[in-house]
Amino acid sequence: MSLRSDYLTTLISSILPLYQGPSVKLRVQPSNKEYIISKGLLCAESPVFSKMFNGEFLESQQQTATLEETEDDVSVRSLEALIQWLYHRTISFGIEDPGEHISAAMELARLADKYDIIGLETIMAQYIRNILKHNPHPDNTKFHRKVDTNTFYLIPEHIASATFLPREHPVRSVLAAASVEGFLRSKHHKFSEEVHAYPSFGVDLLLETRLVLCKVEESHRNATFEDPISGQKFELNSNVFEWRSYE
């Protein structure tokens, strides 16, 4: 039997049955939206939902769970994105504005963490990183790079929301990595207040800064290092912290 045949056999025997069988209902309040989803598929990805629907809880008897909408995690948008990912392993929010796109991704990351959805933390981190990478500060020029290039579409609410995620969560690391350039280049960078308001964000930022500085390449009087979001190399003048593109 070929490797491809082995893969298809495994897929059919272990994954496809999850799409069949009994279903459960997820209800979102107060919007009163209801969703019917495969019980096997949901419980295979979430230990929390598995205990809920297979234990001695009311949800197990009724095969229905009511989720209360909360700020920055449980919402119709985040739940629909989760269902989309469970069934299709793709995520599309249908949003054009990069800032709102990040907000939606943050909601899904928080929802996934709340219900222990396996694997979504790294996917959402990469998702947000790509948004930041492809949407830099619009006023950048060839000869002048803005201090907040990587954080143009990030807002304080994103930073605050990320602090509710576990320590060393990939999404927290991405937001901190995006803030490294501003932290190094200016005492009054975009999230200088958030560093004090949210000590855990301050710790994340210092850790990401340390990772960047540990990779600094010394060359004569200047040092070059790689921006953790864009992947570009820059020249750092140690006297004035002026970054110049290094091709």
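Does S103 count as buried or exposed, and at what relative accessibility? S103 counts as buried because its relative accessibility is 16%. Buried means under 20% relative accessible area, exposed over 50%, and partly exposed in between (1.4 Å probe, protein chains only).

This is a predicted model: local features need pLDDT of at least 70, side-chain atom pairs count only at pLDDT 80 or more, and totals for chains, interfaces and linings use all residues. Residues are numbered from 1 along each chain as its sequence is written, and side-chain values use heavy atoms, with hydrogens and water left out.

**View 1. The whole chain holds 11 helices and 7 strands.** Helices (H or I, at least four residues) and strands (E, at least two) are DSSP runs, numbered from the N terminus. Of the 247 residues, 43% count as buried. Take the contacts between residues at least 6 apart in sequence: 57% of them join residues at least 24 apart. Contact means heavy atoms within 4.5 Å.

**View 2. S103 sits in helix α6 (residues 98-114).** Leaving out residues up to four places away in sequence, S103 touches R77 and H158.

**View 3. Helices α6 and α7 cross at roughly 170 degrees.** Their axes come within 10 Å. Axes are lines fitted to C-alpha atoms, for helices over the stretch in contact, and angles run from 0 to 180 degrees between N-to-C directions. The two helices, α6 and α7, are therefore roughly antiparallel. Angles under 35 degrees count as roughly parallel, over 145 as roughly antiparallel, 65 to 115 as roughly perpendicular and the rest as oblique. On α6, the contact residues include I102, M106 and A109; on α7, they include M124, I128 and L132. The contact of α6 with α7 has 13 nonpolar residues, 1 polar and no charged. Ala, Val, Leu, Ile, Met, Phe, Trp, Tyr, Cys and Pro count as nonpolar, Asp, Glu, Lys and Arg as charged, and the others, Gly among them, as polar.

**View 4. Helix α7 (residues 120-134) packs with helix α9 (residues 170-185) at about 20 degrees.** Their axes lie 8 Å apart. Helices α7 and α9 are therefore roughly parallel to each other. Among the contact residues are E121, A125 and R129 of α7, and V171, V174 and L175 of α9. The residues of this α7 and α9 contact divide into 9 nonpolar, 1 polar and 2 charged.

**View 5. C43 is buried, and C214 is exposed.** C43 has 13% relative accessibility. C214 has 57%. The count of disulfides (pairs of cysteine sulfur atoms within 2.5 Å) comes to 0.
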